[in-house]
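Look at the sequence and the 3D view first, then follow the talk.

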Amino acid sequence: MLSSPDFSLEEYEFSAQTGFLPETPPLRCLPDHYYAPWETVAQDLAASIENGTIRQAVESLPLLNTTKLRTKPEWRRAYVVLSYLTHAYVWGGEIPKEVLPPAISVPYLEVSRYLELPPVATYAALNLWNWSTSSPNDDLTCADNLSVTLSYTGTKDEEWFFMVSVALEARGARVIEMMLNTIQAVTVGDDQRIVAYLNQITEGFNELARILERMYEKNRPAVFFHLLRPYLAGSKNMASAGLPNGLFFDQGNGKGEWLQYSGGSNAQSSLIQTFDIFLGVEHTAMGGPTKTELPKAKLGKTPYIQEMRNYMPGPHRRFLEMLTRNANLRPYAMSCKLGSPVRDAYNTAVMALGSFRDKHVQIVTRYIILASKLPPPANTPVRINLASTTQTQMKDSTEKVSTGFSGTGGTDLIPFLRQTRDDTKATAYYAD
């Protein structure tokens, strides 16, 4: 592990054992009874969504302050709870709610500022801080050992969807450790160590791909698409889903503001961006609306991957900034001759990450593009939401599946994923 002051992992809330996950399981409930009203509604979320009482439950909540949140795990739990309540309230009806009441808006904004996160259900809320184990010694790299602390649907499908990502994060910790070791080896020009570490990193990518493929085991595409996915939507580029102005955060006494944020996305995983930075992968795909949103919305000027750093916890974001300053592998590998051990090991690692992204594209195709043509599970409530609106976007004049499918962040989904995959593979140049 690197010993440079720049690599003091604690300040970045990064653990050599668990990566960007907390070292101890997140809180399952806020300990202070003062916050019982939040927890009561959150713990009964799936049932209240199903019976149509979620909005009444949220609107009946008292306005609680954040002064009784004392530890970082408590602030994180509050963020998870308020994120789930917000998205259930906005999307848990026949049409979306455009105004978030003060009982949620006021504490949500305060908690988000403290954690350096936007007030939206980010990857941190849905994955990093929303898991539990039955035993302290459980292997976190096995999704079977994990469970969610909150759920929109109460289904195993939803739990599996999130816990596969948690398992990826846990396994990725060891990969990142090898990456930090590689950077140190490059600094001293130790080719033998560089090659050995890169071979371990390649195997790590292959194992991550195997974990990702477990998604098919317990997550049914129709359940994911029709029941869960609508609640992951944000408020940015969501005019076609019913939020043309974003979401209004009502702070009471005539105060408030319209805000627009992307929904939860794996692009908000610091793990995946760490891989890119280490290997020198650069992404140029821009965040922006699908064609159906134009000309009402403007395309982003910042690459979407870069923009997603704003949706990461502050310390994790700073870890990526630190890594960017120290990343030295790609120029070193490119300075080696084609066919040399370092160059070959580097190219192999890059292509392994590209293959991982291939599997991600395949999963998205199955769970969104193809799933949109499947009937909803029995007794699914009718919603005018992200799931239903994207079904109309996916057909062209000949009724063929097109790529104009929006992600929960409002991006043109499949072209974006293919571009990030192609950017990755293009990083390995096999000719000088």
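Q: Among contacts between residues at least 6 apart in sequence, what percentage join residues at least 24 apart?
A: Contact means heavy atoms within 4.5 Å. In this chain, 77% of the contacts between residues at least 6 apart join residues at least 24 apart. One caution: this is a predicted model, where local features need pLDDT of at least 70 and side-chain atom pairs count only at pLDDT 80 or more, while totals for chains, interfaces and linings use all residues. Residues are numbered from 1 along each chain as its sequence is written, and side-chain values use heavy atoms, with hydrogens and water left out.

Q: How many helices and strands does the chain have?
A: Helices (H or I, at least four residues) and strands (E, at least two) are DSSP runs, numbered from the N terminus. Here the count is 17 helices and five strands.

Q: What percentage of the residues count as buried?
A: Buried means under 20% relative accessible area, exposed over 50%, and partly exposed in between, with a 1.4 Å probe and protein chains only. The chain has 432 residues, and 58% of them count as buried.

Q: How do I read a sheet? What is the order of the strands in the open sheet?
A: Start with pairing: two strands pair if DSSP finds at least two bridges between them. The open sheet has three strands in the order 1-4-5, and its pairing is mixed. Its edge strands, strand 1 (99-100) and strand 5 (255-259), each pair on one side only.

Q: Which sense does each pair take, parallel or antiparallel?
A: Strand 1 and strand 4 run parallel, joined by two bridges. Valine 99 stands opposite phenylalanine 248 of strand 4 there. Strand 4 (residues 247-252) pairs with strand 5 in the antiparallel sense, over five bridges. Phenylalanine 248 has tryptophan 258 as its bridge partner in strand 5. For phenylalanine 249, the partner in strand 5 is glutamate 257.

Q: How many residues lie between strand 4 and strand 5 in their hairpin?
A: There are two residues between them. In the turn, asparagine 253 has a positive phi of about 55°.

Q: Which helix lies across strand 1, strand 4 and strand 5?
A: To read such an angle, take axes as lines fitted to C-alpha atoms, for helices over the stretch in contact; angles run from 0 to 180 degrees between N-to-C directions. Helix 5 (residues 102-115) lies across the three strands, at about 95° to strand 4.

Q: What covers the buried residues of helix 1?
A: Helix 1 (residues 36-43) has Ala36, Trp38, Glu39, Val41 and Ala42 buried. Their cover includes helix 2 (45-50), helix 3 (54-59), helix 4 (72-91) and helix 5.

Q: Why does tryptophan 131 count as buried?
A: Tryptophan 131 counts as buried because its relative accessible area is 1%. It is found in strand 2 (residues 131-133). Tryptophan 131 touches several residues beyond four places away in sequence, including Leu21, Pro22, Leu140 and Met163. Its C-alpha atom is separated by 4.5 Å from that of valine 148, 17 residues apart along the chain.

Q: Which backbone oxygen does the side chain of tryptophan 131 reach?
A: A polar contact is a pair of N or O atoms within 3.5 Å; within protein, one must be able to donate a hydrogen and the other to accept it, and residues adjacent in sequence count only if both atoms are side-chain atoms. The side chain of tryptophan 131 reaches the backbone oxygen of leucine 128 at 2.8 Å. Serine 235 gives a second case: a polar atom of its side chain lies 3.4 Å from the backbone oxygen of leucine 259. Serine 235 is in the loop between helix 10 (221-228) and strand 4, and is buried at 6% relative accessibility.

Q: How many disulfides does the structure hold?
A: A disulfide is a pair of cysteine sulfur atoms within 2.5 Å. The structure holds zero. Cysteine 29 is partly exposed at 42% relative accessibility, and cysteine 142 is partly exposed at 23%.

Q: What does UniProt list for His360?
A: The unreviewed UniProt entry lists His360 for "binding site". UniProt positions follow the numbering used here, feature names are shortened, and annotations may be inferred rather than shown by experiment. In the model, histidine 360 lies in helix 15 (residues 341-370). Histidine 360 is partly exposed, at 21% relative accessible area.
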